[in-house]
Structure formats: C-alpha cells, structure tokens
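The paragraphs after it go through the parts in turn.

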Amino acid sequence: MVGRGDAADFVFSASRRQAAGWDLKAVIAVNDNNGYPPVEPISAGLKGCCPRCGKGKLFAGFLKVAPRCENCGLDYSFADPADGPAIFVMLGMGFVVVALALWAEVSYNPPLWLHFAIWIPLTFVLCLPPLRLVKGVLITLQYAHRAEEGRIDR
Ligand SMILES: [Zn+2]
C-alpha cells in the first residue's frame, strides 16, 4: 500500500499534475521568493513593510501605496486590495460605534446633538488607524498567495 508522501505517490501525483496541465517549473517559480527569505505576511503588513524583503516601506503616504520597494525593487503594481480594507474596518467599527450609541441612548437618553458630537468623531478615530493596518495586511497576503484578477488563457 502506498502512503502519502512515498516516492511512488509523488511520481503519481506529479504525473497527474502534468496530465492536468500544470507546468511544474511554473509552480516552483511561483513558490520562489526571488532569493529572499520568507516573510511572515501578517506582521509585515501590520508594520507596513514590503511583502518580499520585509524591509522596504509599503506606503508612500498614509494610505497611498508606494510604486515599488525602495529596498528590493519589488513592483507594487500588483497591490490592489480595492475596497477590502474599507469593508473590514467599516463592518468591525460600525458594529462597535452603533452598539455604543444604542447603549448610550437607552441608558442616558442624551440629546441628538450630543450623539452627533460623540459618535462622528469617534468613528473617524476608530476607523483611520486600522484602515492602514488592514490595507497593509491585505496587500502582503495578496503577495503571499499570488492573488490576482482572473485571466482567461487563449
Ligand atoms: Zn522589498
């Protein structure tokens, strides 16, 4: 009986991959990090660092992604988290702010102007810092998993 990881199993799965049209050299190239040691994507994203070398800066402004890594030269044009960061932050912080506003309304019944004066600034304070962190993590995860728009091979 051939177990998982045996040589025969490897040959079988390699031939099966070839039969399925996989290019083994392409699979190896995708897993190669261009000579850089592997970077832990979540910590690199939280620090706003390059997903390949882990040293260069990912951002050129608060949320603007730099054109390329200043350390290793990685082209950041692949980085497109779109509205992913906004959705995650909006859903998480929206839940927190709405829950607090409802609790304050039920407990203290403050005037409407006080609700606006508290919850609108608090929404900005709670949403802006995580937006940069989540955007960094989504870009480094996108790099680590080679996630990109689907393409049709012709
Ligand atoms: Zn880099």
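Where is the place of Ala82 in the chain? Ala82 sits in the loop between α3 and α4. The model is a predicted one, and in it the phi of Ala82 is positive, near 55 degrees, although the residue is not a glycine. Most residues other than glycine have a negative phi. Ala82 is exposed, because 8 other C-beta atoms lie within 10 Å. A residue of this kind also occurs in the loop between α4 and α5, namely Asn109. Asn109 has a positive phi of about 45 degrees and is not a glycine. With 7 other C-beta atoms within 10 Å, Asn109 is exposed.

Now take the chain as a whole. It has five helices and zero strands, so that is the definition of its elements as runs of residues. From the N terminus on, the order of the elements is α-α-α-α-α. Of the 154 residues in the chain, 15% are buried. Among contacts between residues at least 6 apart in sequence, 50% join residues at least 24 apart.

Confidence is highest in α4, at a mean of 94, and lowest in helix α2 (residues 24–31), at 47. Over residues 1–12 the pLDDT is below 50, and this stretch has four contacts in the model beyond near neighbours in sequence. Residues 24–31 also stay under 50, with five contacts beyond four places in sequence. Where pLDDT is low, the predicted coordinates should not be read in detail.

Helix α4 has 25 residues and reaches 36 Å from its first C-alpha to its last, close to the 36 Å expected at 1.5 Å a residue. Helix α5 (residues 112–144) has 33 residues, so at 1.5 Å a residue it should span 48 Å; its end C-alpha atoms are 47 Å apart, which agrees. Helix α5 bends by about 25 degrees at Leu131. After α5 comes Arg146, whose phi is positive, near 50 degrees.

Which residues in α5 are buried? They are Val134, Lys135, Gly136, Val137, Leu138, Ile139, Thr140 and Tyr143. What covers the buried residues of α5 includes α3 (41–47) and α4 (84–108). Pro85 counts as buried because it has 20 C-beta neighbours inside 10 Å, and 20 is the number at which a residue is called buried. Leaving aside neighbours within four places in sequence, Pro85 is in contact with Leu131, Val134, Lys135 and Leu138. Pro85 and Val137 are 52 residues apart in sequence, yet 9.0 Å apart in space from C-alpha to C-alpha.

The last stop is the largest nonpolar core, which has 14 residues. Those with the most contacts inside this core are Cys49, Cys50, Leu58, Cys69, Val134, Leu138 and Ile139. Five residues of the core, the largest share, come from α5. Leu58 touches Gly48, Cys49, Cys50, Val65, Ala66, Gly136 and Ile139, not counting residues up to four places away in sequence.

How values were computed:
Residues numbered from 1 in each chain as written. Predicted model: local features only at pLDDT ≥ 70, side-chain atom pairs only at ≥ 80, totals over all residues. Helix = DSSP H or I, 4+ residues; strand = E, 2+ residues; numbered from the N terminus. Expected span 1.5 Å × (residues − 1). Bend = angle between axes of the 7 residues up to and from the residue. Buried ≥ 20, exposed ≤ 12 C-beta atoms within 10 Å, placed from the backbone. Contact = placed C-beta atoms within 7 Å. Core = buried A, V, L, I, M, F, W, Y, C linked by C-beta atoms within 7 Å. pLDDT = per-residue confidence, 0-100.
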